[in-house]
Amino acid sequence: MDQVNGSVVTEFFIFLGLSNSQELQIFLVVFFFVFYVGIVFGNLLIVITVASDSHLHSPMYFLLANLSLIDLCLSSVTAPKMIADFFSKCKVISFKGCLAQIFLLHFFGGSELVILIAMAFDRYVAICKPLRYTTVMRGNVCAGFVAAAWGTGFLHSVSQLAFAVNLPFCGPNEVDSFYCDLPRVIKLACTDTYRLDIMVVANSGVLTVCSFFLLIISYTVILVTIQHLPSERSSKALSTLTAHITVVLLFFGPCIFIYAWPFPIKSLDKFLAVFYSVVTPLLNPMIYTLRNKDMKTAMRRLRKWNINSRIKS
Ligand SMILES: *[C@@H]1O[C@H](CO)[C@@H](O)[C@H](O)[C@H]1NC(C)=O
């Protein structure tokens, strides 16, 4: 901390981490490490498989690959720093680093939200309006969704951060978590933060709650529709839908609790953060590589092609 013009300025924050107990910390760091390695490999595998296999060049898989990319980025904002912090005595982050974390977290989080909506829309058209699918989900519509996702993420993040950049931090600088995020950092500012709290709820909170209900309604409509399909088509659709719905629930559950729940329980939302940093991002690769037939076949083709090309060279 520095004395500038008589006022104390906080230049860095200290993370208190997830736990004080040494044993639990070792467990957590191993857990984070294993999950993060899985996230990197699994999501890259999905991106590479979708990009290299022409059978998977459809809107659903393009969106899935985009989701994987975002998941990979999202967990890279918090997990590596958390793992590295384990090995240093003092878990410090600079003020700028902290702002960067908040920005990236909301940027990727906001984009993920739009991609999840796009995936629901894609399934809605495919299942409820199958005859119009090829006209509605043209290539540039899909690309438009992806562009809208990045755009929304950016706007959402900038509009949140605009309020935090100029907050006066002058004393307490211990963040009771393993990464910087608005609700926790705002609490440390030495000013009345009531309006800012409302702002976070109005922006992140309303955004997540509205998107969540939109998604729940669309998936309900889709689920009702597939009741009337012939059983073979409906069981394939159902397996894809269960995958999508699981991802939606695990992404939005923690988010809603952290940003929109009016009575936060401190120790709980710290652990919920673990969910969207390392658990949800691993889910996609797990669900889609283990359960999706087309994806599995494509991965087999990718392996064969790899082996063949190695034999030839
Ligand atoms: C994301 O979606 C766009 C538009 O469909 C697609 O062209 C691009 O390849 C996708 N990105 C990844 C990483 O798969």
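User: How many aromatic pairs does the count come to?

Analyst: The count comes to 19 aromatic pairs. The structure is a predicted model, and two rings are paired if their centres lie within 6.5 Å.

User: Why is the pair of Phe 107 and Phe 108 called tilted?

Analyst: The ring centres of Phe 107 and Phe 108 are 5.2 Å apart, and their planes stand at 45°. Planes under 30 degrees apart count as stacked and those over 60 as edge-to-face, with the rest being tilted. An angle of 45° therefore makes this pair tilted.

User: What makes the pair of Phe 107 and Trp 150 tilted?

Analyst: Here the ring centres are 5.6 Å apart and the planes are at 45°, so the pair is tilted. This pair links distant parts of the chain, for Phe 107 belongs to helix 3 and Trp 150 to helix 5 (residues 139–164), 43 residues apart.

User: Why are Phe 107 and Phe 108 called buried, and why is Trp 150 called partly exposed?

Analyst: Buried means under 20% relative accessible area. Phe 107 has 15%, so Phe 107 is buried; Phe 108 has 10%, so Phe 108 is buried as well. Trp 150 has 26%, and this residue is therefore partly exposed, a term for values between the buried limit and 50%.

User: What makes the link between Asp 85 and Lys 81 a salt bridge?

Analyst: The closest N and O atoms of Asp 85 and Lys 81 are 3.0 Å apart. The limit is 4 Å, so the pair counts as a salt bridge. Four salt bridges are found in the whole structure.

User: Why are Asp 85 and Lys 81 separated by about one helical turn?

Analyst: Both residues are in helix 2 (residues 59–86) and are four residues apart, which means a separation of about one helical turn. An α-helix has 3.6 residues a turn, so residues three or four places apart point the same way. Asp 85 counts as buried because its relative accessibility is 6%, whereas Lys 81, at 23%, counts as partly exposed.

User: How do you know that Arg 123 and Asp 122 form a salt bridge, and why are they called buried?

Analyst: Their side chains meet at 2.9 Å, N to O, and the limit is 4 Å. The relative accessible area of Arg 123 is 13%, so Arg 123 is buried; Asp 122, at 0%, is therefore buried too.

User: What makes the link between Asp 294 and Lys 236 a salt bridge, and where are these residues?

Analyst: The closest N and O atoms of Asp 294 and Lys 236 are 3.6 Å apart, which is within the 4 Å limit and so makes this a salt bridge. The pair links distant parts of the chain: Asp 294 lies in helix 10 (residues 293–312) and Lys 236 in helix 8 (residues 231–259), 58 residues apart. Asp 294 is partly exposed, at 32%, and Lys 236 is exposed, at 51%.

User: Why does Leu 290 count as exposed?

Analyst: Exposed means over 50%. The relative accessibility of Leu 290 is 59%, so Leu 290 counts as exposed. Leu 290 is placed in helix 9 (residues 266–291). Leaving aside neighbours within four places in sequence, Leu 290 is in contact with Pro 285 and Lys 296.

User: What is the span of helix 7 (residues 194–226), and what span is expected?

Analyst: Helix 7 has 33 residues and reaches 46 Å from its first C-alpha to its last, close to the expected 48 Å. Helix 7 also has a kink of about 35°, centred on Gly 205.

Notes
Residues are numbered from 1 along each chain as its sequence is written. This is a predicted model: local features need pLDDT of at least 70, side-chain atom pairs count only at pLDDT 80 or more; totals for chains, interfaces and linings use all residues. Side-chain values use heavy atoms; hydrogens and water are left out. Rings of Phe, Tyr and Trp (its six-membered ring) pair if their centres lie within 6.5 Å; planes under 30 degrees apart count as stacked, over 60 as edge-to-face and the rest as tilted. Buried means under 20% relative accessible area, exposed over 50%, partly exposed in between (1.4 Å probe, protein chains only). Helices (H or I, at least four residues) and strands (E, at least two) are DSSP runs, numbered from the N terminus. Contact means heavy atoms within 4.5 Å. The expected span of a helix is 1.5 Å times one less than its number of residues. The bend at a residue is the angle between axes fitted to the seven residues ending there and the seven starting there.
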